[in-house]
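Me: I'd like to talk through a protein model with you, one question at a time. Ready when you are.

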Amino acid sequence: MTTTVEHHSPRAFVDPYAVDTPEVVWPVPAGSHPDTDFLLPPPRPADRLHYTLHPSDQRRLDLHAALTAAGIPPHPEDQEAIDQLSTLSESINAALHRWLHHSA
């Protein structure tokens, strides 16, 4: 049994690699637009905010980072547990970080 497929329009079959224009479009060289890409200036310590975090807030942020780095991103419902853990002493938080570091 032979099956024939008839295309009534030249655009009936869409080739994702077909190009409508015959010319090849090359990307723009990196140095041609100097005003669109530039290096940021170095940071100025005088412009920094003079704000220190409370130790429990610092431990909370560190715990979030350690969990994420270990492949266990915290969910919103984990916030209460993270808040409770971050209020514990520095030695307990150091043990948590060590356990997370060795589990990854």
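Me: Is arginine 60 buried, partly exposed or exposed?
Reply: Buried means under 20% relative accessible area, exposed over 50%, and partly exposed in between (1.4 Å probe, protein chains only). Arginine 60 has 23% relative accessibility, so this residue counts as partly exposed.

Me: Before we go on, what kind of model is this, and how are things counted?
Reply: This is a predicted model, where local features need pLDDT of at least 70 and side-chain atom pairs count only at pLDDT 80 or more, while totals for chains, interfaces and linings use all residues. Residues are numbered from 1 along each chain as its sequence is written, and side-chain values use heavy atoms, with hydrogens and water left out.

Me: Which residue forms a salt bridge with arginine 60?
Reply: A salt bridge here is a side-chain nitrogen of Lys or Arg within 4 Å of a carboxyl oxygen of Asp or Glu. For arginine 60, the closest N and O atoms of the pair are 3.5 Å apart. The two partners are three residues apart in helix H1, so about one helical turn separates them. The partner is partly exposed, with a relative accessible area of 27%, and is aspartate 57.

Me: How many salt bridges turn up in the whole structure?
Reply: One of them joins aspartate 47 to arginine 44, with the closest N and O atoms 3.1 Å apart, and both of those residues are exposed. A search of the whole structure gives a total of three.

Me: Where do the two ends of the arginine 59–glutamate 90 salt bridge sit?
Reply: The closest N and O atoms of this pair are 3.5 Å apart. The pair links distant parts of the chain, 31 residues apart: arginine 59 is in helix H1 and glutamate 90 in helix H3.

Me: Is arginine 59 buried or exposed?
Reply: Leaving aside neighbours within four places in sequence, arginine 59 is in contact (heavy atoms within 4.5 Å) with Ser86, Thr87, Leu88, Glu90 and Asn93. Its side chain also reaches the backbone oxygen of leucine 88 at 3.3 Å. With a relative accessibility of 14%, arginine 59 counts as buried.

Me: Which side chain does the side chain of serine 56 make a polar contact with?
Reply: A polar contact is a pair of N or O atoms within 3.5 Å; within protein, one must be able to donate a hydrogen and the other to accept it, and residues adjacent in sequence count only if both atoms are side-chain atoms. Serine 56 is buried, at 15% relative accessible area, and touches Ser86 and Thr87, not counting residues up to four places away in sequence. Its polar contact, at 3.0 Å, is with the side chain of histidine 54.

Me: Which helices do the buried residues of H1 pack against?
Reply: The buried ones in H1 are Ser56, Arg59, Leu63, Ala66 and Leu67. Seen down the axis of H1, they fall within an arc of 95° (taken from the directions from the helix axis to the C-beta atoms), so they line one face of the helix. That set packs against helix H2 (79-86) and helix H3 (90-103).

Me: Stepping back, how many helices and strands does the protein have?
Reply: Helices (H or I, at least four residues) and strands (E, at least two) are DSSP runs, numbered from the N terminus. From that end, the elements run α-α-α. The count is three helices and zero strands.

Me: And what share of the protein's residues is buried?
Reply: The protein has 104 residues. Of these, the buried ones make up 12%.
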